[in-house]
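User: Please walk me through reading this model, one feature at a time.

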Amino acid sequence: MPGYWLAVVRRLALPALATGAVCAAAMAAALVLGDGTSWSAAVPQAVAAGAVGVLALVAVLSTSTVVSAARTARRYGLTLGPDAVALPSVREVRIPAVEGRTAFQLTDSVRHAVEKDPVLRLDEITAFGHGTLDFTLRGPSDTSVSVQVRVTTGPKETTAVVEARPAATYKRLDAAACWAVARVVEERVAQALRAETADGGAAR
């Protein structure tokens with residue numbers, strides 16, 4: 001939890017400082033032009049007020065984000081850490097090569113796993129093909145999450161990469177929704193691929 005909070009503060013620091021600088025400049029101009037205060041007196045007041053505003057903004061946003069993220073982690077039975085801040089949230093599944101199965105067949109198995117899963121609230125599948133599966137889920141608090149799954153096969157290994165990002169590109173803090181969704185999708189992908197491994201072994 002502390003690690004996640006620090007990561008959120010780092011993410012918020014730059015935009016908060018930029019906002020504080022703009023507010024401080026506006027306040028200094030208002031003091032000089034409106035009240036006739038000298039620049040030497042107005043600047044320190046404006047900087048102090050801007051600093052307080054930055055601290056308050058970071059404190060409020062980081063606290064609300066951490067509280068929401070902790071609720072999300074509890075809902076999915078996960079442990080919150082600093083990696084939950086990163087966007088997109090990327091997970092990877094590696095298993096021994098699945099003999100007798102193409103990337104399309106494996107991707108189809110993953111699609112069925114996603115469609116039938118009661119936890120993953122599927123909105124729509126936007127792309128499906130040879131090793132490609134894109135879909136949108138309703139994450140925690142109805143946050144829309146875009147997910148990409150890429151399945152590649154090789155002579156020795158089958159790999160699936162899961163990427164989850166906010167469907168709204170402007171949303172830079174999603175209270176760990178993408179991280180939680182990526183973790184759950186990763187588990188479902190691993191289960192689907194291992195089931196294909198077992199089926200392939202039984203067929204032989």
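User: Start with accessibility. Is Phe104 buried, partly exposed or exposed?

Analyst: Buried means under 20% relative accessible area, exposed means over 50%, and partly exposed lies in between, with a 1.4 Å probe and protein chains only. Phe104 has a relative accessible area of 38%, so it is partly exposed. One caution about the source. This is a predicted model: local features need pLDDT of at least 70, side-chain atom pairs count only at pLDDT 80 or more, and totals for chains, interfaces and linings use all residues. Residues are numbered from 1 along each chain as its sequence is written, and side-chain values use heavy atoms, leaving out hydrogens and water.

User: How many aromatic pairs does a search of the whole structure find?

Analyst: Rings of Phe, Tyr and Trp (its six-membered ring) pair if their centres lie within 6.5 Å; planes under 30 degrees apart are stacked, over 60 edge-to-face, and the rest tilted. The search of the whole structure finds one pair. The ring centres of Phe104 and Phe128 are 5.2 Å apart and the planes meet at 45 degrees, so the pair is tilted. Phe104 sits in helix α3 and Phe128 in strand β2, and the pair links distant parts of the chain, 24 residues apart. Phe128 is partly exposed, at 34% relative accessible area.

User: Now the sheet. In what order do the strands lie?

Analyst: Helices (H or I, at least four residues) and strands (E, at least two) are DSSP runs, numbered from the N terminus. Two strands pair if DSSP finds at least two bridges between them. Here five strands make an open sheet in the order β1-β5-β4-β3-β2, with antiparallel pairing. β1 (89-96) and β2 (121-129) are at the edges; each has a single partner strand, so one side of each has no neighbour in the sheet. From one strand to the next, the twist averages 15 degrees.

User: Take the strand pairs. How many bridges join β1 to β5?

Analyst: Eight bridges join β1 to β5, and these strands run antiparallel. In this pair, Val90 stands opposite Glu163 in β5. β4 and β5 pair in the antiparallel sense over nine bridges. Val145 faces Pro166 in β5. β4 and β5 also form a hairpin, with three residues between them.

User: Which strands does helix α3 lie across?

Analyst: Axes are lines fitted to C-alpha atoms, for helices over the stretch in contact (heavy atoms within 4.5 Å). Angles run from 0 to 180 degrees between N-to-C directions. Helix α3 (residues 103-116) lies across β2, β3, β4 (144-153) and β5 (157-166), at about 170 degrees to β2.

User: Which residues of α3 are buried?

Analyst: They are Ala103, Leu106, Thr107, Ser109, Val110, Arg111 and Val114. Take Ser109, which has a relative accessible area of 16% and is buried. Leaving aside neighbours within four places in sequence, Ser109 is in contact with Ala192 and Glu196.

User: Glu196 brings up charge. Which residue meets Glu196 in a salt bridge?

Analyst: Side chains of opposite charge can pair when their charged atoms come close. The test is a side-chain nitrogen of Lys or Arg within 4 Å of a carboxyl oxygen of Asp or Glu. Glu196 meets Arg101 at 2.5 Å, N to O. The pair links distant parts of the chain: Glu196 is in helix α4 (residues 177-203), Arg101 in the loop between β1 and α3, 95 residues apart. Glu196 is buried at 11% relative accessibility. Arg101 is partly exposed at 25%.

User: How many salt bridges does the structure hold?

Analyst: It holds eleven. Another of them joins Arg150 and Asp134, whose closest N and O atoms are 2.7 Å apart. Arg150 lies in strand β4 and Asp134 in strand β3, so the pair ties together parts 16 residues apart in sequence. Arg150 is partly exposed at 30%, whereas Asp134 is buried at 14%.

User: Which residues do salt bridges with shared partners join into one network?

Analyst: Glu92, Arg94 and Glu157. Within it, the side chains of Arg94 and Glu92 meet at 2.8 Å, N to O. Arg94 is partly exposed at 47%, and Glu92 is partly exposed at 41%.
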